[in-house]
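Here are a few notes from going through the model, jotted down in the order I'd look at things. Have the viewer open while you read.

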Amino acid sequence: MTSTRKKITVVLLLFVILMPFWIHNSTDTVEPQRITNEFIGYYQSNTCDISLLEVYAKNIGNNNNIYYSNNYYAGTECFGKVTGLDKVGDKFIVSIGTNTSLLFLIQSIIWLLVIFLITPKNIETISFKFSMLLLPLLFTFQHVAESRFYERLNIYYQNLDMELLNNYHLLGTFCIYLLIFIILNDLLTQREEILINYLPFAFLFVFTLGGMNINFFIIILSYFGLKNILKSEGNFIFNCMYVVFSFIWLASTTRDQNSFFDGDKLRGFINSSNTKLSLIFWIVVFFLLINGVHYLHRHSHINIAKLQTNFLVTGSLVFILGTLGSTSSLFNFLNSHIFGQNKRGISELSSIAGNTWRGFSASAESLGEFYGFVLALFVILYMKFKQPVTRFEYIMLGFTTLGLYRTNNFAVMASLLLLIVIFLLEKFVNNRRIKSMIYTLGIFFFFLGMYLIVNQLNYEYLSTQLLYEASLHSNFFTYTDNYGKSLQIETLFNEERIYYLINIIGGDSISSSLRTLSEIFYQNFNLPIVPNVVALISTTSLLINRSEMWGIFIAKYSPNTLEAMFGYGPNQMNGYLYNQKVRLDVPLDKITGLYLPHSSVLDILLFFGLIGLFTGAVFTIYTIFNKSENTDYKYLLVFLLINILKSDSMLYVNSVMLLALSFHLIRTNETIIYD
Amino acid sequence: MNINPITIEEICGVNPPGVQYVNPGNNPNFVFTPDVNFEVIPLYDVAGNVINVNSWFECAHYVTGGWSNSLVVEYFEGDKFVFFTALSLSIIYLIYSKMSQKVIV
């Protein structure tokens with residue numbers, strides 16, 4: 001029965017995936033042609049007639065460089081059909097209509113069917129409660145709150161200016177959300193206990209809705225969040241704190257109507273606007289999200305064997321599909337729709353930025369952390385439960401290791417190796433004397449290495465490098481170009497007139513964070529042995545290759561006191577991106593690029609301020625040092641924490657969920673057994 | 001194109017006495033004679049092109065060729081399509097869900 005049900009679901013899935021890109025009028029005279037220079041005009045004048053699969057079939061064996069790109073701003077009648085053809089360099093870019101509203105409906109159906117494939121734990125269903133109507137209303141409200149985002153990407157977009165009963169865009173959006181929540185109510189009720197075991201698939205099914213700034217996981221977690229609140233199971237202290245934070249964000253932080261962030265690779269989990277309305281939306285959504293995670297933490301039952309297999313399967317599939325997407329333009333296009341990528345997969349097998357290959361993922365760093373997590377979990381479980389490894393698992397391990405190798409994430413590889421060594425030491429060396437000797441030796445060599453580096457690179461250079469980089473990207477010496485600016489800054493740094501540069505020349509034109517850091521660096525009191533905190537961060541940034549990125553962050557981050565304490569608000573980056581005028585000292589072609597903070601600590605600082613960061617740190621330290629039935633999983637948490645210090649992974653939903661899982665593994669009351 | 005005589009009458013009015021519409025064929029020298037008693041009517045084709053006709057015969061000829069007296073821009077109302085599809089799917093699922101619950105009970 002189950003097998004038949006799954007077969008029917010898979011057939012339905014294939015139908016929903018392929019049909020929209022195949023439908024065409026076979027009786028018309030407009031035939032697909034080989035994509036060459038002479039047919040550019042043909043495709044430009046015959047729009048919305050030829051389907052994607054027709055063009056693809058016609059061009060099998062065509063050696064020209066063809067890329068299928070999305071055109072979200074097309075009507076539904078053009079869905080899945082060619083809406084234009086352009087040639088950029090030697091690349092033919094075929095524009096395929098993917099109307100945002102219709103794509104929303106299609107992707108939702110695909111992903112609901114995917115969830116349906118998970119065998120339910122029970123067949124219990126609960127009626128759709130009236131209070132659940134709040135969720136479709138909330139998510140439809142986003143289309144009003146983030147109007148600048150949606151009006152660019154949907155031809156049918158209508159704001160509240162239009163009479164509501166004639167506003168089929170908003171009504172349609174509401175109806176799709178209603179459909180989603182009605183179905184989710186059944187699907188999730190039957191699967192809420194076991195859903196956690198399928199979390200690894202979040203790295204395969206990224207679930208970002210095409211042309212929209214929302215992620216399907218947020219929709220799912222919001223459902224659980226509302227359930228948590230309705231059942232009064234929320235954490236009282238957290239909820240009270242969040243209300244205080246929300247009040248401050250709404251009442252005191254700086255907002256504007258103009259700034260706009262298109263989301264780029266963060267689409268689906270970032271506030272695109274800096275208005276009060278969009279802030280309200282993200283405050284409520286984040287509240288539901290945390291409550292949703294809390295609900296799942298209380299109701300989930302881990303099946304560690306299943307979880308491990310799913311991690312290995314996902315790791316392998318992400319690598320295989322990423323490779324397929326790199327070699328086939330059709331797979332590259334379909335991957336983005338089926339799996340909801342927030343950025344199109346890489347379209348070639350060669351690495352980007354000289355070294356990394358992000359393949360399927362929007363971020364090579366977060367994908368590297370995922371691969372590392374899979375390998376670390378495998379080692380821990382193997383050592384803990386001594387289960388034999390099957391041939392299939394060996395193959396999947398191979399793909400995962402290859403994936404990690406291609407992301408070229410040295411930090412992940414080094415921290416993985418270090419933690420595995422410590423784990424094995426703890427597991428197999430029972431003699432305390434030998435253990436402490438090994439640790440002492442390790443710490444000794446670490447400090448020896450540090451000493452040699454500091455001596456070789458010069459302490460003065462190491463301690464001021466961060467301030468130097470921040471100054472380079474600040475708006476100093478506006479009368480001269482970047483080269484002139486850098487020469488003057490270098491001279492002042494060499495003359496040790498840094499305080500003069502930042503506080504006298506810079507004055508009010510530079511960021512408040514740069515001013516504050518320079519004041520801390522030049523504080524009047526000096527504690528012996530204890531290093532200056534700015535010098536320490538500067539040295540660390542240089543050693544982990546983050547001094548430029550963190551320098552840019554300091555140059556741009558200019559909060560007022562309240563914003564520094566409480567942040568700009570959940571997933572709100574506009575204040576950071578646009579409030580402070582900077583002059584980046586980067587090559588011209590990179591000047592308009594997106595410069596993220598390159599540390600999840602800094603991301604949290606942006607959103608929740610020092611108080612939020614401190615609260616999170618206390619919670620994390622408590623989790624690590626508190627006694628737990630499942631101590632071994634603490635290695636996974638530490639592994640992730642080390643790596644997110646230098647990556648922006650907390651800006652991606654799947655990485656946040658991975659971190660939440662590692663907390664859950666430690667904090668869960670159930671004893672995790674391998675069955 | 002075969003056009004119902006009633007449609008011609010609706011657009012061009014009743015044919016004047018003694019005038020019947022006969023297709024002039026592909027004669028390149030054929031000229032429509034203006035009728036001073038005929039009130040000029042603008043006609044439109046599907047592409048939005050416009051022409052003023054000066055006689056009942058000329059009007060009938062263009063109407064037979066698919067022209068009309070109203071500019072009808074036909075476009076697919078995708079927003080309505082999405083709305084009604086989502087609404088229908090929601091209702092169908094709710095009914096299915098209710099029925100399957102009854103079966104389980």
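Predicted model: local features only at pLDDT ≥ 70, side-chain atom pairs only at ≥ 80, totals over all residues.

1. Start with Leu85(A): its bridge partner in β3(A) is Val94(A).

2. Which order do the strands take? The order is β1-β3-β2 in chain A, an open sheet of three strands with mixed pairing. β1 (65–71) and β2 (82–88) of chain A each have a single partner strand, so they are the edges, and one side of each has no neighbour in the sheet. From one strand to the next, the twist averages 25°. As a reminder, strands of a sheet can pair either parallel or antiparallel, through backbone hydrogen bonds.

3. There's a helix to look at here too: α12 of chain A (residues 329–338) lies across β1 and β3 of that chain. Its angle to β1(A) is about 20°.

4. Next, Lys81(A), which sits in the loop between β1 and β2 of chain A. Is this lysine, Lys81(A), buried or exposed? Its relative accessible area is 11%, and the cut-off for buried is under 20%, so Lys81(A) counts as buried. Leaving out residues up to four places away in sequence, Lys81(A) touches a list of residues that includes Ile23(A), His24(A), Cys48(A), Asp49(A), Ser95(A) and Gly97(A). Ile50(A) is another of its contacts; the two C-alpha atoms are 5.3 Å apart, although 31 residues separate Lys81(A) and Ile50(A) along the chain.

5. Over to helix α20 of chain A (residues 512–521). Its buried residues are Ser512(A), Ser513(A), Leu514(A), Leu517(A), Ser518(A) and Phe521(A). What do they pack against? The partners are four helices of chain A: α17 (459–472), α19 (498–506), α21 (533–543) and α22 (547–556). The spacing is worth a thought: an α-helix has 3.6 residues a turn, so residues three or four places apart point the same way.

6. Last, have a look at the surface. Leu441(A), Phe444(A), Phe445(A), Leu448(A), Tyr451(A) and Leu452(A) form a nonpolar patch there, with about 640 Å² of accessible area together. Phe445(A) belongs to helix α16 of chain A, residues 432–457. Because its relative accessibility is 52%, Phe445(A) counts as exposed.

Note on methods. Residues numbered from 1 in each chain as written. Chains lettered and ligands numbered in written order. Heavy atoms only, no water. Patch = residues over 30% accessible without salt bridge, like charges linked within 9 Å, V, L, I, M, F, W, Y side chains within 5 Å. Areas by Shrake-Rupley, 256 points an atom, 1.4 Å probe, with all protein chains shown as cover. Salt bridge = Lys/Arg side-chain N within 4 Å of Asp/Glu carboxyl O. Helix = DSSP H or I, 4+ residues; strand = E, 2+ residues; numbered from the N terminus. Buried < 20%, exposed > 50% of the residue type's maximum accessible area, 1.4 Å probe, protein only. Pairing = 2+ DSSP bridges. Axes fitted to C-alpha atoms, helices over the stretch in contact; angles between N-to-C directions. Contact = heavy atoms within 4.5 Å.
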